[in-house]
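I open this notebook to record what I looked up in one structure. The entries follow the order in which I consulted it.

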Amino acid sequence: MQKTKKIGVGIIVIDQNENFLLHLRDGNTPIMTNQWSLVGGSIEKDEAPEKAAEREVFEETSLTVSEILKVGSMPFNEDWDSLIFQASVNTSKESMKLGEGKQLKFFSKNDVVKLLDSLNYTNPFLDFLRQYIS
């Protein structure tokens, strides 16, 4: 009997200058510890995936997103699958505050590619992001 996987969300947050937000996770996370990744997390019981994406961005960044659009899905590991969303944010009207992790940073498309090329690890969210921006 195949076990049911949990579902999470990863969010590609894009600002008004077409920069991409990445989240440097900290040592308090069970997976992708101390790695750059997308903002994201698990969907709570009876929560719509789009609402989970909106909530996760707010919890981790204090930013309010708009134009939430599902752009894909992927297996994450043997226990999890992930839905990937794109969301817009107007950072000129809001200030970002780190809610979880070590760091939040907006990167230009070129700087995202340079960062991904320089990392000595990969994760499914970064693999998806690389495909998404290419």
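Entry 1, aromatic pairs. I took rings of Phe, Tyr and Trp (its six-membered ring) as paired if their centres lie within 6.5 Å, with planes under 30 degrees apart counted as stacked, over 60 as edge-to-face and the rest as tilted. The model is a predicted one, in which local features need pLDDT of at least 70, side-chain atom pairs count only at pLDDT 80 or more, and totals for chains, interfaces and linings use all residues. Residues are numbered from 1 along each chain as its sequence is written, and side-chain values use heavy atoms, with hydrogens and water left out.

I searched the whole structure and found two aromatic pairs. In one, the ring centres of Trp-36 and Phe-107 are 5.4 Å apart and the planes stand at 90°, so I noted the pair as edge-to-face. This pair links distant parts of the chain, since Trp-36 is in strand 3 and Phe-107 in strand 7, 71 residues apart. Helices (H or I, at least four residues) and strands (E, at least two) are DSSP runs, numbered from the N terminus. I found both Trp-36 and Phe-107 buried, where buried means under 20% relative accessible area, exposed over 50% and partly exposed in between (1.4 Å probe, protein chains only).

The pair of Phe-76 and Phe-125 is tilted, at 5.3 Å centre to centre with 35° between the planes. This pair also links distant parts of the chain: Phe-76 lies in the loop between strand 5 (66–75) and strand 6 (80–89), and Phe-125 in helix 3, 49 residues away. Phe-76 counts as buried at 16% relative accessibility, and Phe-125 is buried at 7%.

Which residues of helix 2 (residues 109–118) are buried? I recorded Val-112, Leu-115 and Leu-116. Seen down the helix axis, the buried residues fall within an arc of 95° and so line one face of helix 2; the arc is that of the directions from the helix axis to the C-beta atoms. On the other side, Asn-110, Lys-114, Asp-117 and Ser-118 are exposed. The buried residues of helix 2 pack against strand 2, strand 3 (36–37), strand 7 (103–107) and helix 3 (124–133), contact being heavy atoms within 4.5 Å.

I located Asn-19 in the loop between strand 1 (6–15) and strand 2 (20–24). Is Asn-19 buried or exposed? At 18% relative accessibility, Asn-19 counts as buried. Leaving out residues up to four places away in sequence, Asn-19 touches Val-13, Ile-14, Phe-106, Phe-107 and Ser-108.

I counted as a pocket an open set of points on a 1 Å grid over the protein atoms alone, where a 1.4 Å probe fits, with protein on both sides within 12 Å along at least five of seven lines; lining residues have an atom within 4 Å of a point. The largest pocket is lined by 22 residues, of which Arg-25, Ile-31, Gly-40, Gly-41 and Ser-42 lie nearest its centre. Strand 4 gives the largest share of the lining, three residues.

I found Ile-31 in the loop between strand 2 and strand 3, and at 34% relative accessibility Ile-31 counts as partly exposed. Not counting residues up to four places away in sequence, Ile-31 touches Arg-25 and Phe-76. Ile-31 and Asn-123 are 92 residues apart in sequence and 9.8 Å apart in space, C-alpha to C-alpha.
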